[in-house]
Amino acid sequence: MPATYALLLFAIVAEVVATTALARTDGFTRLWPSVVTVAGYAIAFWSLSFVLRVMPTGVVYAIWSGLGVVLVALVAWVWAKQALDLPAILGLGLIVAGVAVINLFSQTVGH
C-alpha cells in the first residue's frame with residue numbers, strides 16, 4: 001500500500017504542475033506551458049490508472065481532488081501571490097481534515 005500512496009502522490013503532483021502551467025498557456029497559444037500542461041495531465045492520469053487497480057475509485061478521487069485543490073491553492077498563494085483569506089484557509093483545512101479522516105478511519109481504503 002505505501003507504493004500505491006506514493007504513486008497517488010506522484011499523480012497529484014503531476015496534476016498540480018499541469019494546472020499551474022495551464023494558467024500560463026494563454027489559451028494554449030504559448031508552446032512550453034502548453035507542453036507542460038498536456039504532459040502533466042497525461043502523466044497524472046496514467047499514474048492514477050495504476051492506483052485505481054488497488055484502491056476504490058471514490059476514495060482515490062476524494063484524495064486526488066482534495067489534495068490537488070489544496071496544493072494548487074498553496075502554489076498560487078506562494079508563486080503567483082494570490083491572496084487567501086481566512087475563510088479560504090479554513091476551507092482548505094477542512095479539505096485536508098476530510099482526506100485525513102478517509103485515510104485514517106475509513107474501512108473503504110483497505111488498510
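This report walks through a predicted model, with a focus on helix H2 and its packing against H1.

## Ground rules and confidence

Local features here need a pLDDT of at least 70 and side-chain atom pairs count only at pLDDT 80 or more, while totals for chains, interfaces and linings use all residues. Residues are numbered from 1 along each chain as its sequence is written, and side-chain values use heavy atoms, with hydrogens and water left out.

As for pLDDT (the predictor's confidence in each residue, from 0 to 100), the protein chain averages 94, and 97% of the residues score at least 70. Helices here are DSSP runs (H or I, at least four residues), numbered from the N terminus.

## Helix H2

H2 covers residues 31-51, which makes 21 residues. From first C-alpha to last it reaches 30 Å, close to the 30 Å expected at 1.5 Å a residue; that expected span is 1.5 Å times one less than the number of residues.

Several H2 residues are buried: Pro33, Ser34, Thr37, Gly40, Ala44, Ser47, Leu48 and Val51. Buried means under 20% relative accessible area, exposed over 50%, and partly exposed in between (1.4 Å probe, protein chains only). The cover over these buried residues includes helix H1 (2-22) and helix H3 (57-79).

## How H1 and H2 pack

The axes of H1 and H2 come within 8 Å and cross at roughly 160°. Axes are lines fitted to C-alpha atoms, for helices over the stretch in contact, with angles running from 0 to 180 degrees between N-to-C directions. H1 and H2 are therefore roughly antiparallel to each other, a label for angles over 145 degrees.

The H1 and H2 crossing is left-handed (the near helix is turned anticlockwise from the far one by less than a right angle). Residues making the contact (heavy atoms within 4.5 Å) include Leu7, Leu8, Phe10 and Ala14 of H1, and Val36, Tyr41, Ile43 and Phe50 of H2.

## Three residues worth a click

Thr20 sits in H1 and counts as buried because its relative accessibility is 14%. Leaving out residues up to four places away in sequence, Thr20 touches Val75 and Trp79.

Now for two loop residues. Phe28 lies in the loop between H1 and H2, and Lys81 in the loop between H3 and H4. Phi of Phe28 is near 60°, a positive value in a non-glycine residue, and phi of Lys81 is also near 60°. On accessibility, Phe28 counts as partly exposed at 48%, and Lys81 counts as exposed at 68%.

Terms used. Parallel < 35°, antiparallel > 145°, perpendicular 65-115°, else oblique.
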